[in-house]
Amino acid sequence: MDIISFSKGNNTEIKQTIDVIFERQQRKNNILFPQGKGLVAMRFDDDNSSQYSVAFPLLKSRAFPFSLATVYSWIGNAQKMTSSQIKEMTRWGGEIINHGYVHGSTVPVTKNDIDHEIKDTKTSLESLTNT
């Protein structure tokens, strides 16, 4: 599987990439998605609101698999997705990737730091998405 990852790509870049892949899929008689299985997936990083407003409608309409690398403490912040948006995307089939609680730039130094960044965030994301 090829993974195309977006963090802060602009809306036009995201839309053009999805459109190009979709057009190639149609020209090659469904070669990208044989028997309904995805060989190309989109991964979106850091919960930017445009991932919901721009990419999600396109992904839904084209049945593209995708994942969201979610930073738990950023949910609902300015220019980030809300919990309702993330829930909707996961109900549609989007996969959540635990991207930590604070997206810290330093390595956690204690077991408690690690537990918080990984285990606690995993539990919180599972609770949010009912998984």
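Here, "buried" means under 20% relative accessible area, "exposed" over 50%, and "partly exposed" in between, with a 1.4 Å probe and protein chains only. Helices (H or I, at least four residues) and strands (E, at least two) are DSSP runs, numbered from the N terminus.

What you have open is a predicted model, where local features need pLDDT of at least 70, side-chain atom pairs count only at pLDDT 80 or more, and totals for chains, interfaces and linings use all residues. Residues are numbered from 1 along each chain as its sequence is written, and side-chain values use heavy atoms, with hydrogens and water left out.

**Stop 1: helix H2**

Select residues 49–62, which make up H2. Its buried residues are Ser 50, Gln 51, Tyr 52, Val 54, Ala 55, Phe 56, Leu 58, Leu 59 and Arg 62. Now put the view on Ala 55: H2 bends there by about 45 degrees, and Pro 57 follows within four residues.

**Stop 2: the rings**

Show Tyr 52, Phe 56, Phe 66 and Trp 92, a cluster linked by ring pairs. Rings of Phe, Tyr and Trp (its six-membered ring) pair if their centres lie within 6.5 Å; planes under 30 degrees apart count as stacked, over 60 as edge-to-face and the rest as tilted. The count by this rule is 5 aromatic pairs. One of them is Phe 56 with Trp 92, edge-to-face at 6.1 Å centre to centre and 85 degrees between the planes. Phe 56 sits in H2 and Trp 92 in helix H3, so this pair ties together parts that are 36 residues apart in sequence. Phe 56 is buried, at 2% relative accessible area, while Trp 92 is partly exposed at 33%.

**Stop 3**

Pick strands E3 (residues 66–70) and E4 (residues 95–98), which pair in the parallel sense over 4 bridges; pairing takes at least two DSSP bridges between the strands. Ala 69 stands opposite Ile 97 in E4. Follow the chain from E3 through H3 (residues 83–92) to E4, and you trace a right-handed β-α-β crossover: with the strands pointing away from you, the path from the first strand over the helix to the second runs clockwise.

**Stop 4: two loop residues**

Most residues other than glycine have a negative phi. Asp 47, in the loop between strand E2 (40–45) and H2, has a positive phi near 60 degrees and is buried at 0% relative accessibility. Finish at Gln 79, in the loop between E3 and H3: phi is positive, about 60 degrees, and Gln 79 is exposed at 68%.

Conventions
The expected span of a helix is 1.5 Å times one less than its number of residues. The bend at a residue is the angle between axes fitted to the seven residues ending there and the seven starting there.
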